[in-house]
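Colleague: Could you take me through this model feature by feature, giving the general idea before each case?

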Amino acid sequence: MNKKLTEKLAPGHSTCAGCGIPSIVRTVLGATEDPVVVINATGCLEVTTTLHPYSAWKVPYIHNAFENAGATASGVEAAYKVLKRKGLIKKNVKFVAFGGDGGTYDIGLQALSGMLERGHQVLYVAYDNQGYMNTGGQRSGATPMGANMETTPSGKESFGNQTDRKDIMQIVAAHHVKYLAQSNVAYIEDLAKKAKKAFETEGPSFLLVLQPCTNVWKYPTSQYVRIGKLATETNFWPLFEIENGKYVLNLDIKKPKPIEDFLQTQKRFKHLFAPENVEVIKTIQKNIDRKWKELLKKTSNK
Amino acid sequence: MNKKLVGATIEHDLSKAPKTGNWRNVRPEVDKDKCTGCGTCVKYCPEAVINLRERRDDSKFKKLAKIDMDFCKGCGVCAVECPFKAIKMEKE
């Protein structure tokens, strides 16, 4: 194994072959030299890295429940502050909370909101695989329109998930967080740069990272980087950051590819290519174009 | 009280790790003549099992990708992402 990359998270965990979650964790944790404490919501990352009697974590790690990664992180960080004030801890310690989209958009939203609003010095990283993949692929607030999920199956009566993703970036931005960014596991340098910035931020910071899921998006295990890149190249997943309220576009896609290029790589969207679902793809494309225009308005590029 | 007994903590011990190498049905083979040691595979390998080793042959490149088969799950990301097509997936 690679010694440098596995300093904080070792192999031997059971993420699916070709899953990018460990790459996200390693890149984020590798962006600081200080000792880190990891707080984890229930989800793929938690169940795969903590198979009893083994733990893949080489750094202090705490998992509490699905809904309270934000609250647990707040408590750990507050205790650290007290101990530091009393002189019992001398080191500068960084706190990182990892949650999936279920633990962030839906179940953990309240605890996350509290953590952000109280201003704890925590970096919250949401790896977004757009559903509850650890339990077989139920839809979440992050599932895009048209996806065939376990709880929104496609068929004669339905084209799959009826609604579009919740805009979690806007929700977090509404807490006046000093730094938050949307990144993608396929753009690892972009993620590393953003993680470094987030660690240097005073107060809470937030990263939303797209994580293609080989198992439920249904594509070959070798494709996570390719599909991640397509998500950004079609403007399905733009890369941007919000620093002190100012929007910055990190990658301006001059000629975006049609959304079909992204959809056809995954079997969760296979049914959309049937003749009766032509309109659904058009609606998806329209939504993407609208959101892209809104983002361009917010960034200074246009 | 013994510090290690507070709560239910587990220490990292690699010897207890499941050897995920036995998940593989295809294995990545690095072509020594094509590998330039650029490190793209290292960057994207989800298991972080690829190292760049110093070459001992007379190639003009200094490094060569070496894959740890104990933990490689055989996903094939390295083979797809290699810009020089120096990694091929072979049947186990």
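Modeller: What follows treats confidence, the sheet, the core, the helices, the chain contact and a few backbone details.

Modeller: This is a predicted model, in which local features need pLDDT of at least 70 and side-chain atom pairs count only at pLDDT 80 or more, while totals for chains, interfaces and linings use all residues. Residues are numbered from 1 along each chain as its sequence is written, and chains are lettered from A and ligands numbered from 1 in the order in which they are written.

Colleague: What pLDDT does chain B average?

Modeller: Where pLDDT (the predictor's confidence in each residue, from 0 to 100) is low, the predicted coordinates should not be read in detail. Chain B averages 92, with 92% of the residues scoring at least 70, and the model has an ipTM of 0.91 and a pTM of 0.95.

Colleague: In what order do the strands of the open sheet in chain A run?

Modeller: Helices (H or I, at least four residues) and strands (E, at least two) are DSSP runs numbered from the N terminus, and two strands pair if DSSP finds at least two bridges between them. The order of the 8 strands in chain A is S2-S1-S3-S4-S6-S5-S7-S8, with mixed pairing. Strand S2 (61-63) and strand S8 (246-249) of chain A are the edges, each pairing on one side only. Strands S3 (94-100) and S4 (123-128) of chain A run parallel and are joined by 5 bridges; A:Ala97 has A:Tyr124 in S4(A) as its bridge partner.

Colleague: Which residues touch the most other members of the largest nonpolar core?

Modeller: In soluble globular proteins, nonpolar side chains tend to be buried together. A nonpolar core is a set of buried Ala, Val, Leu, Ile, Met, Phe, Trp, Tyr and Cys residues joined through C-beta atoms within 7 Å; a residue is buried if 20 or more other C-beta atoms lie within 10 Å of its own, exposed if 12 or fewer, and partly exposed in between, with C-beta atoms placed from the backbone. The largest core has 105 residues, of which A:Val125 and A:Val209 touch the most other members. Setting aside neighbours within four places in sequence, A:Val125 is in contact (C-beta atoms, placed from the backbone, within 7 Å) with residues including A:Val28, A:Phe98 and A:Val209.

Colleague: At what angle do helices H3 and H5 of chain A pack?

Modeller: Two packed helices are described by the angle between their axes and the distance between the axes. Axes are lines fitted to C-alpha atoms, for helices over the stretch in contact, and angles run from 0 to 180 degrees between N-to-C directions. Helix H3 (69-85) and helix H5 (109-118) of chain A pack at about 35°, with their axes 6 Å apart. Among the residues making this contact are A:Ala73 of H3(A) and A:Leu112 of H5(A).

Colleague: How many residues of chain A are in contact with chain B?

Modeller: There are 29 from chain A, in contact with 27 residues of chain B. Helix H1 (21-29) and helix H9 (224-233) of chain A each supply at least two residues of the chain A side.

Colleague: Which backbone details deserve attention?

Modeller: Most residues other than glycine have a negative phi, and most peptide bonds are trans. The peptide bond from A:His52 to A:Pro53 is cis, with omega near 5°. A:Gln130 has a positive phi, near 65°, and counts as buried because 27 other C-beta atoms lie within 10 Å. A:Lys218, in helix H8 (214-218) of chain A, has a positive phi of about 60° and is partly exposed, with 15 other C-beta atoms within 10 Å.

Methods. Two residues are in contact if their C-beta atoms, placed from the backbone, lie within 7 Å.
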